[in-house]
Amino acid sequence: MSPAASRWCHCWLSREASASAVVVNWGWVFIGNLIGSVAYGALIAIALTNMGTAAPAGVAARIVQVAEAKTIGYSAIGFAGMVTVFVKAMLCNWMVCLAIVLAMTTNSVIGKIACAWMPVFVFFAQGFEHSVVNMFIIPTGMMMGAKVTVADWWLWNQIPVTLGNLVGGFTFTGFAIYVTYKPRTVVKVLAPTPTGVPAE
């Protein structure tokens, strides 16, 4: 969703797409990511808990902990938690969109991997918030026993993180690049008008 947000913002600013087309596109991307993430999460939950017959352990227990930290962990500190999760989401999508931009600076496959890897590594290492990652990790934790309600998931994470991702990707990457490298108006050169005089 992140690169799509940045690209569609550019299309909107360049008047290549209407605001409604941008919103519709984001909506379909969001729904598709949500369905895929929850479906994959359900399969992982089955695999890690023997279809609910084994208590979460190892990776499963860690997913439960992360799901709780990303929701009730923020709600425990109230307004400060809401601001924190929003800012972490802004910083996250800055890194994700930057990864896509950096990958376009080289034609080498190894170069693309290296360029994209670093910003993504930074966002994971610094604990930033990404809406699509959380579409997987939080409901998966809930399926395995995390003490998180659907309201906790959406109010304290999914909604503010999605908004923060959009703001971060648009402001720090999409808009910044658009302003810096705004396309100039192309001057069309008219072809010479035939005179009708035969060549000698």
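Predicted model: local features only at pLDDT ≥ 70, side-chain atom pairs only at ≥ 80, totals over all residues.
Reader: How do you know that the span of helix H5 agrees with its number of residues?

Author: Helix H5 covers residues 79-103, which is 25 residues. The expected span is 1.5 Å times one less than the number of residues, so H5 should span 36 Å. Its end C-alpha atoms lie 37 Å apart, which agrees.

Reader: Which residues of H5 are called buried, and why?

Author: Buried means under 20% relative accessible area. In H5 that term applies to Gly81, Val85, Ala89, Met90, Cys92, Asn93, Met95, Val96, Cys97, Ala99 and Ala103. Of the 200 residues of the protein, 35% count as buried.

Reader: Why is the set that includes Trp153 called a nonpolar core?

Author: Such a core consists of buried residues of listed types, Ala, Val, Ile, Met and Trp among them, joined through side-chain atoms within 4.5 Å. The largest one has twelve residues: Ala45, Ala60, Ile63, Val64, Val66, Ala67, Ile137, Ile138, Met144, Ala146, Val148 and Trp153. Helices H3 (59-69) and H7 (131-143) each give two or more residues to this core, and H3 supplies the largest share, five residues.

Reader: What is Ala146 in contact with, leaving aside its neighbours within four places in sequence?

Author: Ala146 is in contact with Val64, Ala67, Glu68 and Gly141. Contact here requires heavy atoms within 4.5 Å.

Key:
Residues numbered from 1 in each chain as written. Heavy atoms only, no water. Buried < 20%, exposed > 50% of the residue type's maximum accessible area, 1.4 Å probe, protein only. Helix = DSSP H or I, 4+ residues; strand = E, 2+ residues; numbered from the N terminus.
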